[in-house]
Amino acid sequence: MTDIAIVGLDGRFPGAGNPRAFWDLLMSGEDAVREVPAERWDKNAFHDPQGAPGRSNTTSGGFIDDPDAFDHEFFGISPREAEAMDPQQRLLLQSAWRALEDAGLDTRRQAGTNTGVFVGVMGNEWAQLHMTDYDRITAHLGSGNGYCMIANRVSYHLDLKGPSWAVDSACSSSLVAVHQACVALRGGECDQALVGGVNVMLTPALNIFYSQAGLSAPDAACKPFSRHADGIVRGEAVGTVVLRRLEDAVAAGLPVYAVIKGSAVNHDGRSNGLTAPSRWAQQDVIAEAYRRAGVRPQDVVAVEAHGTGTVLGDMIETNALGAVHSVERSQPCSIGSVKGNIGHTEGAAGIAAVIKAALALDRGVLPPSRHARTENPQLKLASKGLRLLKSPLRLKDDTAVIGVSSFGLGGTNAHVVLARPKAQSRPDAPGGGVVTVSANSREALTRNVLALARDLEAAPERLLSRLCWSSNQVKSSGRHRFASAVSAKGEAITALRRFAQDGEAADGIILGSKNKVSIGWLFTGQGSQYAGMTHALHTRHGSYRRALADVDEAMEPHLGGSITQHMLGGSQEIDTTGLAQPAIFAAGYALGMVLRDTGAEPGWMVGHSIGEFAAAVHAGVLSLDDACQLIAVRARLMQRLPAGGGMLAVRCPAEAVEPLLADCPEVALAAVNGPEDIVYSGPIEALERIAEELGTAGVTSRRLRVSHAFHSPRMEPMLAEFKAIASDITYRPTRLPMYSTLYGRLLGEGELMDADYWAQHISRPVRFAQAVTEALRQEPSHLVEIGPRSVLGPMLRRIPAARRLPVLTPIPGPEATGTELSEVVARLHCDGLAPDWKPLYESCQRALHRLTPYVFSTATRFWSSRPVEADSAVRTTLVSTRDRLSTASVAPSVDAAKSDAFDRDVLGIVSDVCGYAVHEVTPDSLLHEELGFDSIMLIQLKDRLERRWGHPIDAGELLPELTTAGDVTRFLRGRVEHGRLLSR
């Protein structure tokens, strides 16, 4: 049988708001039962110690905190719909999201996947409260209630395409859901499954039922297998696990809590009574689950029992367990029940037990059994090969097996067999990375940044890179984003906390929204080389090392040696033309490859002088081998030119220099880098004379070091020799827009960068400013300078169209630390790029580590207007914190005062339909993403608009045109002005 991996989980339980707190509660053996909260029902009005008709014999239960809190805006659900939803739907939706994150998955990226949703649930008290007043039933009350909608709600909002259904087999519901999910995974119906269970107590109905049936413990305590066992106490919970076929989970690198080896479900049949448990059916379902799992009873170290703490139930269950487990074994099979800690959570009981067992297997220790010290001697556990744990039990064997039982009140029984996964050794992976957090709002981002800071504080330094990698995989796709390249844990924590304190003022911390990123690549030319160039990047990033090694291999036959050795060493020989040009090309090509691998693809490219060769390779004009041959030949031939040449950069208009060139025919224009950034080349003596005369006139200039003269009698033979070699190379049309610095414009369709082009490229001026000015008409969002040193940035700042754009520099120069590449990717990510993060990490660093899942807002609350009262005919109504906001007095803004009555009228209707306060709806509010409009609300909007203006509106014309609230106003205004509201 195919093993199924539990790769993620989440839950909220009485006394425990998350799985970590749940585990602490179990290990400490605490009891989380408390008095009925005042907002549920009047506990005194429904209480009678003797359990009189219509009354419960207890006033307590296991209640979760804040079941009314729901971050509706995160899911794009309007307040109007949120307040109508069963709280069980709200709780499960948030739990499902968090469970996927706990698995190391980005929940948003699960959209469209073949993920099934299976939910165990047996209570629907919200519908009882709100669907019996027929005059108040709304469309959202209909879709917000019902068992089917609990699973379907998760599938819809997360856009999951696998099977989706709810299971109600009473107390075994969620364990049966686990079984059904495993069947679907093994049968190929889905490739991933979310399995949940949820139970929320809103009325005393079942408390009264249990009391009348003699099942309710008067002291409000489940005491499984205790001599004091006398009934159950009800509890609440929501829990979710993420399941994958084990081989798929391992292939995806997902962490594994435990492995489901097998499961079985059966029914009592016609036994002692519809609600009475059957020993024989329980015995059979356990044995069948073991058979399917391929395990022997003696392999099972523990069973998380159903363990309700009723006299009859405990006796029948231990007899069934003993019949299976009383075999020769080294130690008794431990039994216990989570119900002793949190109460009987009914439809969520099975998933609570599975989560307890999975956590125990993951941590290698079994929690003690509450009430074990008062074991019922009549159960004779020892003779049945069973025992209750009075203290935690260390699970020494990596193959430890735990069974989980769950038995439904109506006779449906389930048993699931879990085992520890095989341990996988992972070597230490020191280093840093990019720490990322994202959310749907600025406030939410701060909450989640602080949560990640706490995770980092609790983790050892050696896990930093894996924590960064995990944050990239799980927490990077939201609209508001934080990203920071870090090298040490303390640095990461400081960055996170600094942002939380003042995000806008935090140095080096980036906050952005999801925008369209369009990048222009600019490759640096000669003069950017230096001894040890790119050494820091080469040391830090394996992706750059591998890309540079590819260039080195392709260059070696043409250069006669390793260009990498010259680049990374400390020799000043790198300044010679014969090495500088190949080195600049190698750095540009390799860095470009790394950026492309991250997804930072260029929309267009410009190459300054020698930088155009690397651009040409990335544009598909040249193969890497051909480019290496051309570069090596070019560098070697130019190295032969006479020494004594130089270059002079001048900060003034070209017209101011032209008169001085009349007496210097050997000086020529070399590059136009900006309107007042001109470069001339020629003999050093001539350039010095020009510089002296310009200085007298107050013009700034500076010498650029080269080792040859560009314009000499030997230039023409050199060009001829170069062109002859270049003519044997194959050239292809550009795949990407290329702005030529030879022509100062975009290369046309079919215009080749061929042998003639590259020959002219040597001797003609570099028209950088013209090429960049033309390229900027494409309106890029970012410019990235690709080369060993930042030299183009200052030039770009002198080009007016480029001044407003960020110029990102992965390698700033000799002072580079190697983190700059990560900083560039972080910036692009915050501004909208969805990077592939792999190039920033070594393979051993790309291991997922569980992080605190998304922290939802608890600011908005949705509940009934009053608790359930005895002998009351008053109907409960829906109430939310947003209702109070909507009725608050809000002073109109200046813009609102200026808007006309028509606009205010339309926006008022929009706000009323969705449930937001009037001041929260603006013309720019997105109907679906921000206001939560769905098809029901759109039809309601159409009906309201028709009633307001007294004329029918064609839905076929209206609905496709609506994206924002302002679109509604514009649609109506256009039809009112043209009289089109008068007919359908």
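## The chain as a whole

The chain of this predicted model contains 35 helices and 30 strands. Along the principal axes, its C-alpha atoms fill a box of roughly 115 × 80 × 45 Å. Of the 984 residues in the chain, 59% are buried.

Contacts may also be described by how far apart the two residues stand in sequence. When contacts between residues at least 6 apart in sequence are considered, 79% of them join residues at least 24 apart.

Strand β1 (residues 4-12) runs antiparallel to strand β8 (residues 258-267), and 3 bridges join them. Within this pair, Ala5 stands opposite Val259 in β8. Strand β8 also pairs with strand β15 (residues 412-419), in the antiparallel sense and over 8 bridges. Here Val265 has Ala414 in β15 as its bridge partner. By contrast, strand β10 (residues 333-336) and β12 pair in the parallel sense over 3 bridges, and Ser334 has Arg387 in β12 as its bridge partner.

Another open sheet has 6 strands, ordered β26-β25-β20-β19-β27-β28, with mixed pairing. Its edges are formed by β26 (745-746) and β28 (807-808); each has a single partner strand, so one side of each is left without a neighbour in the sheet.

Strand β19 (residues 519-523) pairs with strand β20 (residues 604-607) in the parallel sense over 4 bridges. In this pair, Leu522 stands opposite Val606 in β20. Helix α21 (residues 611-618) lies across β19, β20 and β25 (738-740), and runs at about 135° to β19.

## Helices α18, α20 and α21

Helix α21 also packs against helix α20, and α20 in turn packs against helix α18. Helices α18 (residues 542-559) and α20 (residues 577-598) pack at an angle of about 145°, with their axes 8 Å apart. Their crossing is right-handed. On the α18 side, the contact residues are Ser543, Tyr544, Ala547, Leu548, Val551, Met555 and Leu559; on the α20 side, they include Phe585, Tyr589 and Met593. By class, this contact has 15 nonpolar, 2 polar and no charged residues.

The axes of α20 and α21 are 8 Å apart, and the two helices pack at an angle of about 35°. This crossing, too, is right-handed. Residues Phe585, Gly588, Tyr589, Gly592, Met593 and Arg596 in α20 meet Phe613, Ala614, Val617 and His618 in α21. The residues of the contact divide into 6 nonpolar, 3 polar and 1 charged.

## Helices α14 and α16

The axes of helix α14 (residues 442-458) and helix α16 (residues 489-501) come within 9 Å and cross at roughly 155°. An angle over 145 degrees counts as roughly antiparallel, and α14 and α16 are therefore roughly antiparallel to each other. Helix α14 passes α16 in a left-handed crossing.

Among the α14 residues in this contact are Arg442, Leu445, Val449 and Glu457, while those of α16 include Lys489, Ile493, Leu496 and Phe499. By class, the contact has 11 nonpolar, 1 polar and 5 charged residues.

## A buried histidine

His829 lies in helix α29 (residues 820-830). Buried means under 20% relative accessible area; at 1% relative accessibility, His829 therefore counts as buried.

The surroundings of His829 include residues from other parts of the sequence. Leaving aside neighbours within four places in sequence, His829 is in contact with Thr436, Ser476, Arg481, Ala483, Pro835 and Trp837.

Note on methods: Residues are numbered from 1 along each chain as its sequence is written. This is a predicted model: local features need pLDDT of at least 70, side-chain atom pairs count only at pLDDT 80 or more; totals for chains, interfaces and linings use all residues. Side-chain values use heavy atoms; hydrogens and water are left out. Axes are lines fitted to C-alpha atoms, for helices over the stretch in contact, and angles run from 0 to 180 degrees between N-to-C directions. Angles under 35 degrees count as roughly parallel, over 145 as roughly antiparallel, 65 to 115 as roughly perpendicular and the rest as oblique. A crossing is left-handed if the near helix is turned anticlockwise from the far one by less than a right angle, and right-handed if clockwise. Contact means heavy atoms within 4.5 Å. Ala, Val, Leu, Ile, Met, Phe, Trp, Tyr, Cys and Pro count as nonpolar, Asp, Glu, Lys and Arg as charged, and the others, Gly among them, as polar. Two strands pair if DSSP finds at least two bridges between them. Buried means under 20% relative accessible area, exposed over 50%, partly exposed in between (1.4 Å probe, protein chains only).
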